Amino acid sequence: MEPATELRFVEQAVRLATANGATGQLPFGAVVVRAGEVIATGVNTTLRDHDPTAHAEVAAVRAACRALGTTALPGAVVVSSCEPCPVCHVVAVAAGVQEIVYAATAEQAAAHGFASPVEVIRIREDLAELRRDHLRHIPTGDDTAPFVRYRASNPGGSDGPAGPRP
């Protein structure tokens, strides 16, 4: 994207965040852009929806995928009003987003009472340890039945943006 176009989309994300904050919601907004066109927008609705995943970037990625009828957003850019948290970053990566650009830094958000960079770093470190610390496998004897059934029902079905899952 050209710098002037990029700035226009960043300013749009900031306007979305400002308007959302004025309604009593958390002040975060995001835009998904591809080929210089807005595909979708999103705002943070965590408080309203009592949903810890209802972040602006996640909402924008979900809306973009619905609008395009896909789970993959290659070539898309997520433009955010603020440096994305690990949840938003993971969602963008899972959707195959090319890049995330943002306005406010985590330090700037922290100066206004939002998650501190130290907290964000801790969450990133926790995610890196997730497999070891939070996952436990319990075999059932029919573990692969959902995959077999899906393939039988959808022979040409998608594996999603990241390809086949392990």
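# A guided tour of the predicted model

Of the 166 residues in the protein chain, buried ones make up 29%.

**The chain as a cartoon.** Switch to a cartoon view, in which eight helices and four strands can be followed along the protein chain. Starting at the N terminus, the order of the elements is α-β-β-α-α-β-α-β-α-α-α-α. Among contacts between residues at least 6 apart in sequence, 45% join residues that are at least 24 apart.

**The largest nonpolar core.** Next select Val32, Val61, Ala64, Leu73, Val78 and Val97, the residues with the most contacts inside the largest nonpolar core, which has 19 residues. Which elements give two or more residues to this core? They are S1, strand S2 (37–43), helix H3 (56–68) and strand S3 (77–82), and the largest share, six residues, comes from H3. Now centre the view on Val97 and set aside its neighbours within four places in sequence: what remains in contact with Val97 is Leu73, Ala76, Val77, Val78 and Ala92.

Then select Phe9, Val10, Val33 and Val77, which are included in a second, separate core of eight residues.

**The aromatic pair.** Move on to Phe28 and Phe114, for a search of the whole structure finds one aromatic pair, and how are its two rings placed? The ring centres of Phe28 and Phe114 are 5.5 Å apart and the planes stand at 85°, over the 60 degrees that the edge-to-face class requires, so the pair is edge-to-face. Phe28 belongs to the loop between helix H1 (3–22) and strand S1 (29–34), whereas Phe114 belongs to the loop between helix H5 (106–110) and helix H6 (117–128), and the pair therefore ties together parts that are 86 residues apart in sequence. Phe28 is buried, at a relative accessible area of 18%, while Phe114, at 30%, is partly exposed.

**One face of a helix.** Select helix H4 (residues 86–94) and colour Pro86, Cys88 and Ala92, which are buried. Looking down the axis of H4, you will find the buried residues within an arc of 160°, so they line one face of the helix. An α-helix has 3.6 residues a turn, and therefore residues three or four places apart point the same way. Just after H4 comes Gly96, which takes a positive phi of about 80°.

**Two loop residues with positive phi.** Finish with Ala35, in the loop between S1 and S2, where phi is positive at about 55° although the residue is not a glycine. Is Ala35 buried or exposed? Ala35 is exposed, with a relative accessible area of 74%. The last stop is His50, which has its place in the loop between helix H2 (46–49) and H3; phi of His50 is also positive, near 50°, in a residue other than glycine, and at 72% relative accessibility His50 counts as exposed.

Key
Residues numbered from 1 in each chain as written. Predicted model: local features only at pLDDT ≥ 70, side-chain atom pairs only at ≥ 80, totals over all residues. Heavy atoms only, no water. Phe/Tyr/Trp six-rings, centres within 6.5 Å; stacked < 30°, edge-to-face > 60°. Buried < 20%, exposed > 50% of the residue type's maximum accessible area, 1.4 Å probe, protein only. Core = buried A, V, L, I, M, F, W, Y, C linked by side-chain atoms within 4.5 Å. Contact = heavy atoms within 4.5 Å. Arc of directions from axis to C-beta.
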